[in-house]
Amino acid sequence: MKLSNKFKFTGRRQTIIFAASLLLPLSVVAANQFPAPDAEQVKRGEYLSRAANCMGCHTTRGGEPYAGGRTLKTPFGEFVTPNITPDNETGIGRWSGEDFWQALHFGKGRDGSYLYPVFPYTEYTKVTREDADAIFAYLRSLKPVAQTNPPHKINPPYDNQFLLFLWRTWYFKEGVHEPDNSKSEEWNRGNYLVQGLGHCNACHTPRNVWGATQDSKLAGGEIMGTYWYAPSLISPLEAGVGEWSIDEIVKLLSTGINKHAVTSGPMATVVRQSLQYLSPEDIRAMAVYLQSIGEKRSRNEALKKIPPMPERVSKYLALGKPVYEKHCQGCHGESGEGVPGIYPPLAGNRNVTMTSPHNTIRSVLYGGFPPVTAGNPRPYGMPPFQHIIRDNEIAWVVSYIRNTWGNLGSLVSPEEVDSSRGNEF
Amino acid sequence: MKFIVFILLWAIVGSANALELGASEIPDTLEQRVKPCIICHGDEDRAGRDAYYPRIAGKPAGYLFNQLRNFRDGRRYYQAMAILLENMSDDYLLEIAHYFSSLKYPYPQPTANTLSPDETQAVETLIHSGDPDRDIPACSACHGKALTGTKPFIPSLLGLPHAYLAAQFGGWRNGGIMRGQTPDCMSEIAKKMTQKEVNALAMWLPTQPVTGEPAEMEELTPELMQRCHTILSGEGFIQ
């Protein structure tokens, strides 16, 4: 698969090299002038950086905000985020507004080299120049932090700038968000936030062997290097919210929990670091957009999919029942109904029935708390069970909750439980 | 068709139950909220001497608060806790710290002392007099005369399992990911001790019954306060 992909490129090499030589002069832009800082612009930039969650990646656990140093593991190697405080030596102190625009919009470093798409410029390319300038003004207003971060450890052959260039030619489409005039202003704002600043695609889209997000945008994908599956934001069987009310969508995004679902793992972190700070208008706009792209299930479809259960299956499921009653029922309820806003329901919960059982297994192995937000300041938690029950019991109980109370999902084996282990911590 | 009706009925029964088991049945308490912690830090059993899980009940609140932030921010490492604390705010951690600090669990029975009289003598000297030659203050100078800690940032040395004590000293001495990511007074002291002393201490401390109240911060000398200022400043801690 990998090889055949590579060969596809060789035929185009000539044209690409030609194109490269045309583009090169563009990177020699140097206008080191800074307009006087404008307090209003800085404030807007701060808000936009929250929406784009620049701090989330550019800050290491417990480290100086924006000074970088966080390691992002991917199948292509380990990337260390750079320092983007305005320090002259170790940060972006010497950058011009144009340099910054080149990075955010085209994915080009100040020295003209290509940046790796771990930095989601592939989505930020939709951010307008005005917003980019505001973010830059905000970053320049920060206290400079002198911090040199370790270099990336990129696996060959991905450390080759030429390959990166090929990748870009193939997959990267530069372009500022174009409003769709047939839709409302609110919808367009939501589209901009989801597809641009919010870079939801960076996780919620399947990636191919080249790490490129594929055409089927927001269709769900295994997040590179984190062991989590980010469900489709379109499919009603995953995390598409076409059937939810705007208020429930708003509630999930801004507080991390609603009566249908709860955010966990990387999504809980997105809510804590970014979404909870968005204005009510912006969160609503996102909800309107997400609701519009979410597909709806037809009634028949919902009903016809539950087949009669073969005896061997029901026997396997029966193994999970006592585990559930002993360890889970106290919180998730006798019928998997949960407690709204406190303990998520398991009955009818798409996170539980989704094709990929990964997230459910991970919830049971590691437990967790929903994010602390202004709307849910003192969340209730779920214990980690990896220390308490064995892998086969976890497989039984996960299979059980995936197939009880009207839920329908594949059965899970102890091997699958083991292969869901692993962590970025 | 019958099957479908059954499923539908089932769903209705399910949602009726959901109404019954309303939010009101879940106690609106911190105890209920921190259930995940209790499975490891819970009853006497778990806090028992054989377990690796340290007791946290009754420890000084400032100390617990500092540790919770250390785990969350990667200055102290234990995977299970890093995951649970990942998305918590300082305010919530402070509340959790006060909650566990206020719990009064019974302490485990002291273990039998298997050290030789000479070894015992050496440990007790270290604890109550330190070793000025190596710039090791008496443990009791900071951890209180009764070794039951100094409020609110210095924990008790009693009632801790042997395996836990050994692991903490290992973490401080070897740096690494367990503890002591950033140097502080306790890791500096631990680095000056010999492995033999560490082994003996980890054996001796669990033989001591827990009696007496924690000491007050005023009892620390200014020199020791200065030595531990990064910990004792306890930024963000509210009594």
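Over all chains, the structure holds one disulfide, a term used here for a pair of cysteine sulfur atoms within 2.5 Å. The model is predicted, so local features need pLDDT of at least 70 and side-chain atom pairs count only at pLDDT 80 or more, while totals for chains, interfaces and linings use all residues. Residues are numbered from 1 along each chain as its sequence is written, chains are lettered from A, and side-chain values use heavy atoms, with hydrogens and water left out.

The disulfide joins B:Cys185 to B:Cys228, with an S to S distance of 2.2 Å. The torsion about this S-S bond is about 105°, so the disulfide is right-handed. It links distant parts of the chain, 43 residues apart: B:Cys185 belongs to helix 10, and B:Cys228 to the loop between helix 12 and helix 13 of chain B. Helices are DSSP runs (H or I, at least four residues) numbered from the N terminus. Both B:Cys185 and B:Cys228 are buried, that is, under 20% relative accessible area with a 1.4 Å probe, protein chains only; exposed is over 50%, and partly exposed lies in between.

Helix 10 of chain B covers residues 185–192, and its buried residues include B:Met186 and B:Ile189. The buried residues of this helix pack against helix 8, helix 9, helix 12 and helix 13 of chain B; contact means heavy atoms within 4.5 Å. At the start of helix 10, a side-chain oxygen of B:Asp184 comes to within 2.9 Å of the backbone nitrogen of B:Met186.

| A:Cys57 | A:Cys203 | 8.6 Å |

A:Cys57 counts as partly exposed, at 27% relative accessibility.

**The interface of chain B and chain A**

In this interface, 38 residues of chain B are in contact with 36 residues of chain A. Two salt bridges are counted between the chains, each being a side-chain nitrogen of Lys or Arg within 4 Å of a carboxyl oxygen of Asp or Glu. B:Glu86 forms a salt bridge with A:Arg61, the closest N and O atoms being 2.6 Å apart. Helix 1 of chain B gives the most to the side that touches chain A, with seven residues.

**B:Thr207**

B:Thr207 lies in the loop between helix 11 and helix 12 of chain B and is buried, with a relative accessible area of 10%. Its side chain reaches the backbone oxygen of B:Trp204 at 2.5 Å.

Notes
Helices (H or I, at least four residues) and strands (E, at least two) are DSSP runs, numbered from the N terminus. A polar contact is a pair of N or O atoms within 3.5 Å; within protein, one must be able to donate a hydrogen and the other to accept it, and residues adjacent in sequence count only if both atoms are side-chain atoms.
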